[in-house]
Amino acid sequence: TSDGFTFIYKTRMMKSISFALLASALLGGANGFAPPKLQSAKTADLTKLNVNPDGSTGWDSFCGNDSLELPSGEGARKFRRTVYTHDDWVLHRSQDRFIDYVAAIFKSGVYKNLDNEVRAMTFVAGFVVVWNCITGGYTDLEGIQQAALRPDLPVLSMPLSAFTLTSPSLGLLLVFRTNSSYKRWDEARKNWGMNINHTRDLVRMANVFYDGTGVSPEKRAEDLNHVALCTWAFVRSMKRHLSPEWEDETAFQEELYEKLPQQQAQMILDAAHRPNRALQDLSYAIDDLPMHFIRKNEIHKAATIFEDNLGSSERILTSPVPLFYSRHLARFLAVWLVFMPLGLYDAFSGSWNHAMLIPATAVISTMLIGIEEIGTQLEEPFTVLPMQAFCDKIYNWCMEIVSWTPGDNGRIVNSVKTEHAFFTSGDAPAMNGAANGYAAPPVAAAPAPVYEPAPVAAAPVEYAAPPAEYAAPPAPESEGPSQEELNRQWAAAAMGRR
């Protein structure tokens, strides 16, 4: 009876330990990283967020909202479109930033996306602990070491050197993954930076180069306003081209109909490649401006850069990091983490039944898989870039630039500067004005001709006959010398070298 009581006691104790360890593995170890049941992205109350009207966010957009839970997964990407101000940079450099970051660790969107992976790895760690308690013995709640229930089964363990040898390779794979993804994000951001720079440059040149001779102020304002709108239409079409349809199509149509003439907006919407159509409209608008063709060419160069930025962005959108690389990294990381509890089991012998292996596995898995998750989130950069904020700023800046006119700063501006006379006089109107359908400016009166004195004819110079000794030799009775020989003789006689 004593042996039977001991067996029953051990069995019940083992069940209690197994239940406790599994519960901690499934709930305690990974529950902190699991997203709770949230409201959907469409119904969540997001008005508490410090989100700008253009959809961009700052450093502290989510601070002070402990009761607010954001959607995870794809729904969280639109809240990562950060645009910093000076105040944001001050907070970014704050000495308390680590405290803020650690305090918000359970609200991190990156960690919430790792729910399934971290749960699986934590379950493996819990299984290893329970299995080894059954096969290798365990310590009960009173601190008494108990014998193994199934000593015939092996204890799960691996030498730690296996992970020491493979960890550099895993680190290189993770570093290359994140670096390549960041380079894609950086290139996409530079493309939009080029768009911002050259939209301002294009509209500025159009405003300065505009030849207002014979053109009313109203016509000038209409032409330049059309150029500014076409410039904005291109970048807005590019933004829609790089965004998912379900997120941006409705807003895109509303903005086009609001800002552009209806026919032009409809032509862009009906085009198979909308940015190409918008860029074509911009080229037409530039070509209709009254200015010399050399100046138009300079403006068209800025428009050509838009095409390059569009092509570069399309390449990023349609060509991911090679799939075999991403998949090998994911498999490598998964296998490495699955077997990691076997290598770390002996390292946690100081804890009760090696139980600390479970939370340690959860933390290590979260950090390593988090690196791979960051690379995946950066790989497609356009849905985390504040492209709507870029488009709104481009529209505001372009419309402001075309509202400026020569002389509005109080300085008197000559209608035609001396250094610009070539572009507005002479033969230039024949190459430019008639082709653009506006009246050529009056040609300046030609200056009075300047006559040079007629050259005085010089008196002819008579040369004395050469001396007798330099006379040509008499022709022989036979066939005379050739003309070439005579020429050489006369040349030598003239130089005194006969």
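Q: How do the side chains of K239 and D248 meet?
A: This is a predicted model, to be clear. In the model, the side chains of K239 and D248 form a salt bridge, with 2.9 Å from N to O.

Q: Are those two buried or exposed?
A: Both K239 and D248 are buried. D248 has a relative accessibility of 2%. Buried means under 20%, so D248 counts as buried.

Q: Which helix is D248 in?
A: D248 sits in helix α8, which covers residues 245-259.

Q: What does D248 touch, leaving aside its neighbours within four places in sequence?
A: D248 is in contact with R236, K239, R240, S243 and Q388.

Q: Which residues are linked with K239 and D248 in a network of salt bridges?
A: R236 and E255 are. Together, R236, K239, D248 and E255 make up the network.

Q: How many salt bridges does the structure hold?
A: There are 16.

Q: Let's look at another one. What do the side chains of R119 and D115 do?
A: They meet in a salt bridge, at 2.7 Å from N to O. Both residues lie in helix α5, residues 115-136. They are four residues apart, about one turn of that helix.

Q: Is R119 buried or partly exposed?
A: R119 counts as partly exposed, because its relative accessibility is 29%. D115 is buried, with a relative accessible area of 18%.

Q: And what about R277 and D281, how do their side chains meet?
A: In a salt bridge too, with 3.0 Å from N to O.

Q: Why are R277 and D281 separated by about one helical turn?
A: Because they are four residues apart in helix α10, residues 274-287.

Q: Which are they, buried or partly exposed?
A: R277 is partly exposed, with a relative accessible area of 26%. D281 counts as buried, because its relative accessibility is 8%.

Q: Changing topic: helices α6 and α7. At what angle do their axes cross?
A: At roughly 170 degrees, and the axes come within 10 Å. Helix α6 covers residues 161-209, and helix α7 covers residues 217-241.

Q: Does that make them parallel or antiparallel?
A: Angles over 145 degrees count as roughly antiparallel. So α6 and α7 are roughly antiparallel to each other.

Q: Which residues make the contact?
A: From α6, they include W192, L202, V203, A206 and N207. From α7, they include L224, F234, M238 and K239.

Q: How do the residues of that contact divide?
A: Into 10 nonpolar, four polar and two charged.

Q: Next, I401. Where is it found?
A: I401 is in helix α14, residues 387-402. I401 counts as buried, because its relative accessibility is 11%.

Q: What does I401 touch, not counting residues up to four places away in sequence?
A: I401 touches R200, V203, R204 and N207.

Q: And how far is I401 from A206?
A: In sequence, I401 and A206 are 195 residues apart. In space, they are 9.8 Å apart, C-alpha to C-alpha.

Q: Now zoom out. How many helices and strands are in the chain?
A: The chain has 18 helices and two strands.

Q: What share of the residues counts as buried?
A: 37% of the 498 residues.

Methods:
Residues are numbered from 1 along each chain as its sequence is written. This is a predicted model: local features need pLDDT of at least 70, side-chain atom pairs count only at pLDDT 80 or more; totals for chains, interfaces and linings use all residues. Side-chain values use heavy atoms; hydrogens and water are left out. Buried means under 20% relative accessible area, exposed over 50%, partly exposed in between (1.4 Å probe, protein chains only). Contact means heavy atoms within 4.5 Å. A salt bridge is a side-chain nitrogen of Lys or Arg within 4 Å of a carboxyl oxygen of Asp or Glu. Axes are lines fitted to C-alpha atoms, for helices over the stretch in contact, and angles run from 0 to 180 degrees between N-to-C directions. Angles under 35 degrees count as roughly parallel, over 145 as roughly antiparallel, 65 to 115 as roughly perpendicular and the rest as oblique. Ala, Val, Leu, Ile, Met, Phe, Trp, Tyr, Cys and Pro count as nonpolar, Asp, Glu, Lys and Arg as charged, and the others, Gly among them, as polar.
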